[in-house]
Amino acid sequence: MSKQPMPIRLLLLTAICLGAAAFAADTPTGIPAGYKLLYSQSFDNAAALKDFEATDPKAWQFAREGASSAMQLTRQSQYMPPFRSPVNIALIAGKLFGDFVLEVDMKQTGREYGHRDMCLFFGFEDPAHFYYAHLATAADPNAHNIFIVKEAARKNFASKTTQGVNWGLDVWHKVRLVRDTAAGTIRVYFDDLAAPIMEAEDRSFIQGQIGFGSFDDTGMIDNVRIWGPSMKEKPGASFQKIGPG
């Protein structure tokens, strides 16, 4: 007996269901309803670095480790910020984010000490107006906190932090940052995506660029994904008027 062809409506329904299942499998838990994938970068080749603008482009390189690759911060950037704040910054160029969920794999490659860090930058309007989350080995007033730069030296404002994070040696970590501008909330997760290690509230900067880097150290970035309801285009460069120090 010959098989009857599947009706077109059933074929379409099957395709839609399979597509939805694939999307659900690729979308991690904790992504709000209505959010879509706005940006992703897995650094498959050196051309990926063209997505970013940096305080010092010479400090960043394309790195390959076996079958995987990443963006690597290799040295201290030659850059003088207008106010006391991190100097090693690579921003996603030309894109502004408001509400979002950011996930990224990060590896710290510097020596072990209390302020051994990597940073997430967000709400970045310009070099004098932005937030950053500083993830360090040990917490103190200037480390392992959420900071604001607002025409003054960076100031911590997290309502909750842990005692620090264990970067380890040659270890990749999954980091998530969640921003809700209406509520003003900011939450940062490290490996355990169910329990935040930092929480804060502020609405000074409603939208801005997102980026990565470090205050004083080196590290690697891979598998960047950002979900949100929408994003906007940003003309011009953020560091064009800020020269090397």
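**Sheet, cores and confidence in a predicted model**

User: What makes S2-S5-S16-S8-S9-S10-S11 an open sheet, and in which sense do the strands pair?

Analyst: Seven strands form this open sheet, with antiparallel pairing. Its edge strands, S2 (52-54) and S11 (155-156), each pair on one side only. Strands here are DSSP runs (E, at least two residues), numbered from the N terminus. This is a predicted model, in which local features need pLDDT of at least 70 and side-chain atom pairs count only at pLDDT 80 or more, while totals for chains, interfaces and linings use all residues. Residues are numbered from 1 along each chain as its sequence is written, and side-chain values use heavy atoms, without hydrogens and water.

User: Why are strand S5 and strand S16 called paired?

Analyst: Pairing requires at least two DSSP bridges between two strands. S5 (residues 88-92) and S16 (residues 209-214) have four, in the antiparallel sense, so they meet the definition. Ala90 stands opposite Phe212 in S16.

User: What makes the set with Leu135, Ile146, Phe212 and Ile221 a nonpolar core?

Analyst: A nonpolar core consists of buried Ala, Val, Leu, Ile, Met, Phe, Trp, Tyr and Cys residues joined through side-chain atoms within 4.5 Å, buried being under 20% relative accessible area (1.4 Å probe, protein chains only). The largest such core has 43 residues, and those four have the most contacts inside it. Strand S7 (residues 100-108) gives the largest share, four residues. Apart from it lies another core of 13 residues, including Leu91 and Phe215.

User: How confident is the predictor in residues 10-25?

Analyst: On the pLDDT scale of confidence in each residue, from 0 to 100, residues 10-25 stay under 50, whereas the protein chain averages 90. Where pLDDT is low, predicted coordinates should not be read in detail.

Conventions. Buried means under 20% relative accessible area, exposed over 50%, partly exposed in between (1.4 Å probe, protein chains only). Contact means heavy atoms within 4.5 Å.
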